[in-house]
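Welcome to this tour! Keep your viewer open and get ready to select things as we go.

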Amino acid sequence: MRNTLLDEINENGFIIIEEFLTVEEVEELYRAGRALCMDAPQANRKIFSTVNASDTHSKETYFLESGDKVSYFFEEGAVGPNGELLVNPMHALNKVGHALHTEHPTFEKITFSNRVREICWQLNFNRPAVCQSMYIYKNPGIGGEVIPHQDSSFIYTEPNSTIGFWIALEDCNLQNGCLQFIKGSHKSGVHRRYIRNKENDANELLIYDRSAPIYPQSSFTPLKVSKGTCIVIHGNAVHKSEPNRSQQSRHAYAFHVIETENNVKYSQDNWLQPIKDKPFPILFECKDKNECD
Ligand SMILES: O=C(O)CCC(=O)C(=O)O
Ligand SMILES: [Fe+2]
């Protein structure tokens, strides 16, 4: 019983769980995501892109400080040269992050639900913690590509323990930029890392330690999933999503979980660091190992 999900993630690098959320829960999260669009800042809008590294200091600082906040990241094509909005505010955001799981009750409720705990338990976590969360918009026409990556590049633990929960809030297909995976790619280690730049006076606060690997398009399998589906992602699984070329948005709620026991070390080089006296919140703790088997 405990090993079905474990076998699946160990084999493919991901697990697809259909109807993970009820229709009502999907609706509640989707409504909350849309409401966030109206709360987004009207000045000093910050852009998020995995393609163009036109990083300014203020943009990187905003990102680095977003770990315990509800911060708003705009699409590249949504903001004009003077910071003005070029599109409908409902279509302007790339994502909101990275602490919806602690700062927003609607997202907190799903993140700390027994369904999530059950999956972590089945995946042999002993003291799992949620380190980040985000609402991803992938808006029609404007929603940019997410380049091939492993989540462990950003959230690195030793040994690897990172998993992602990615929950579709709308039906996903090739046209609107569904997730695509290289099956089995989690078996090949962490290919590069995104780390804090140790050079104090450097322009870039965050850097990759290696150049981007080339993954052939033919190696990716698109996962067309219905809203309410949860895809559990192994930290080392290579995945991506293409731009949204459709007329429909492709909203999703995603969060990441790490092990905090079993001598697992969270890397101090990661962009995301727990705030002093505010450790990453725990999903459960197995005090007595026998109790958890
Ligand atoms: O939603 C996407 O397109 C990418 C999300 C992703 O890579 C993640 O949640 O780890
Ligand atoms: Fe990812």
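A polar contact here is a pair of N or O atoms within 3.5 Å. Keep that cut-off in mind, and remember that this is a predicted model.

Stop 1: Next comes His239, with an N or O atom of its side chain 3.1 Å from a ligand oxygen. How much of ligand 1 does the protein bury? Taken alone, ligand 1 exposes 290 Å², and the protein buries 95% of that.

**Stop 2: the shell.** Show the residues surrounding ligand 1, including Ile136, Val146, Asp151, Leu179 and Arg250. By class, this shell has five nonpolar, four polar and two charged residues. Colour strand 6, strand 14 and strand 15, which each give two or more residues to the shell.

**Stop 3: the largest pocket.** Which space does ligand 1 take up? It is the largest pocket, with a volume of about 970 Å³. Of its 45 lining residues, select the closest to the centre: Phe48, Ser49, Thr50, Lys95 and Phe154. The lining has 22 nonpolar, twelve polar and eleven charged residues.

**Stop 4: the second largest pocket.** This one has a volume of about 220 Å³. Select Leu123, Phe125, Asn160, Ser161 and Ile163, the closest to its centre among 14 lining residues. Finally, highlight helix 1 (residues 4–12), which gives the largest share of this lining, three residues.

Note on methods:
Residues are numbered from 1 along each chain as its sequence is written. Chains are lettered from A and ligands numbered from 1 in the order in which they are written. This is a predicted model: local features need pLDDT of at least 70, side-chain atom pairs count only at pLDDT 80 or more; totals for chains, interfaces and linings use all residues. Side-chain values use heavy atoms; hydrogens and water are left out. On a 1 Å grid over the protein atoms alone, a cavity is a set of points where a 1.4 Å probe fits but cannot get out, and a pocket is an open set with protein on both sides within 12 Å along at least five of seven lines; lining residues have an atom within 4 Å of a point. Grid points are joined across faces, edges and corners, and a volume is the space filled by probe spheres set on the points. Ala, Val, Leu, Ile, Met, Phe, Trp, Tyr, Cys and Pro count as nonpolar, Asp, Glu, Lys and Arg as charged, and the others, Gly among them, as polar. Helices (H or I, at least four residues) and strands (E, at least two) are DSSP runs, numbered from the N terminus. A residue is near a molecule or strand if one of its heavy atoms lies within 4 Å of it. A polar contact is a pair of N or O atoms within 3.5 Å; within protein, one must be able to donate a hydrogen and the other to accept it, and residues adjacent in sequence count only if both atoms are side-chain atoms. Accessible areas come from the Shrake-Rupley method with a 1.4 Å probe; for residues, only the protein chains shown count as cover. A molecule sits in a cavity or pocket if more than half of its atoms lie within 2 Å of its grid points.
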